[in-house]
Amino acid sequence: MENSIYLDEARDPLIIAEGWMKDGKDVAIATVVETWGSAPRPVGSHLVIDADGNFHGSVSGGCVEGAVVTEAIDVIDTGKARMLEFGVADETAWQVGLSCGGRIKVYVERLG
Amino acid sequence: MDPYALKTLNAERRARRAAILVTDLGDGRDRIVREGDPVAGDLGAAIAKAFRTGNSGSVEAEGRTFFLNAHLPQPRLVVIGAVHISQALAPMARIAGYPLEIIDPRTAFATSDRFPDVALHAEWPEDVLKRQPLDSYTALAAVTHDPKVDDFALKAALDARCFYVGALGSRKTHAKRVERLLALGASADQIARIHAPIGLDIGAASPAEIAVAVLAQVVHAFRSRGLEAAASAPKSQSILEKHDA
């Protein structure tokens with residue numbers, strides 16, 4: 001929740017990732033590390049993914065999460081971090097009220 | 001990400017303390033830096049800036065690329081006094097991104113009619129602050145004019161190192177307040193942190209204008225946290241500017 005004084009533990013990706021870890025799950029953490037233009041989520045935003053493809057959080061307005069989840073499952077397998085780069089499709093950007101397509105860079109790493 | 005780093009980061013975030021996760025994008029190694037931890041060189045300067053602005057981003061230092069993910073607690077504003085100024089301040093602070101709570105034991109003042117959609121406590125500050133302690137990401141503005149209500153909260157704010165402490169009243173009123181706070185055990189250095197008369201000097205005349213002056217002073221205090229240290233070290237200041245470019 002924006003502007004909440006305390007963490008919204010039920011929806012906070014990093015809290016959820018810690019919980020998954022305690023449950024013995026394999027987890028990957030994706031982080032927006034750079035944005036150009038009208039990117040929907042700010043630098044530092046997280047998507048956390050488990051080995052079954054469950055995820056919480058977001059790195060875009062829903063445009064690239066599917067691709068990030070696929071890559072993340074690979075990263076969990078190999079243990080090797082990856083840097084992904086996406087251009088946000090112009091049409092999608094227009095639908096959410098952005099004037100032009102942005103680009104984002106997402107770092108995907110395994111937890112542990 | 002190191003599981004220990006994640007646990008540490010979440011513990012800091014739950015406790016409303018600022019922390020930065022520093023990740024070396026070359027080899028993936030990471031560590032947590034807490035506010036005030038000494039970090040040397042260009043990386044240290046970039047970390048200091050990230051703590052101040054709350055902005056995350058990449059930085060080149062020591063021939064490597066680091067990603068700094070800054071996790072700052074949500075700053076908030078506690079107002080002692082359900083008065084006319086607070087009525088104007090409540091919506092302004094919310095819009096500016098500083099959630100606000102009002103504490104005033106005088107039930108005639110603290111009514112939901114006068115303060116729709118505001119977190120309002122018609123109780124003594126002593127009782128509310130025991131439940132919800134102040135911290136360094138909280139600003140406190142005392143605007144009742146009544147020592148019985150204001151003084152305890154002001155002392156608590158100084159002890160909790162609130163990033164902003166302001167008190168309404170003329171210089172003469174404040175001089176008397178200083179005597180009382182000294183008697184309560186506050187140090188002269190602590191008392192010097194109180195903004196009194198409250199608010200930036202913009203010639204505010206009406207309660208709403210005073211609210212603007214108070215809010216502007218709160219924002220300034222928040223965005224200049226830690227700058228006193230940087231000002232006394234001109235070298236790190238020039239590095240900060242380099243990262244701005």
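Mentor: In chain B, 58% of the contacts between residues at least 6 apart in sequence join residues at least 24 apart; two residues are in contact if their C-beta atoms, placed from the backbone, lie within 7 Å. This is a predicted model, in which local features need pLDDT of at least 70 and side-chain atom pairs count only at pLDDT 80 or more, while totals for chains, interfaces and linings use all residues. Residues are numbered from 1 along each chain as its sequence is written, and chains are lettered from A and ligands numbered from 1 in the order in which they are written.

Chain B holds 10 helices and 10 strands; these are DSSP runs numbered from the N terminus, helices being H or I of at least four residues and strands E of at least two. Its C-alpha atoms fill a box of roughly 60 × 35 × 35 Å along the principal axes. Of its 245 residues, 38% count as buried, that is, with 20 or more other C-beta atoms within 10 Å of their own, whereas 12 or fewer makes a residue exposed and values in between partly exposed, with C-beta atoms placed from the backbone. The domain assignment of chain B gives domain 1 (3–73) and domain 2 (76–223), such bounds coming from an automatic or database assignment. The C-alpha centres of these two domains lie 32 Å apart.

Now to the sheet itself. It is open, with 4 strands of chain B in the order 2-1-4-3 and antiparallel pairing; strands pair if DSSP finds at least two bridges between them. Strand 2 (30–34) and strand 3 (57–61) of chain B stand at the edges with a single partner strand each, so one side of each has no neighbour in the sheet. From one strand to the next, the twist averages 30°; axes are lines fitted to C-alpha atoms, for helices over the stretch in contact, and angles run from 0 to 180 degrees between N-to-C directions.

Consider next the pairing of strand 2 of chain B with strand 1 (residues 19–24) of chain B, which is antiparallel over 5 bridges. Within strand 2 of chain B, B:Ile32 is the bridge partner of B:Leu21. Helix 1 (residues 3–14) of chain B packs on the sheet and touches strand 1, strand 2 and strand 4 (64–71) of chain B. The direction of helix 1 of chain B makes about 25° with that of strand 2 of chain B.
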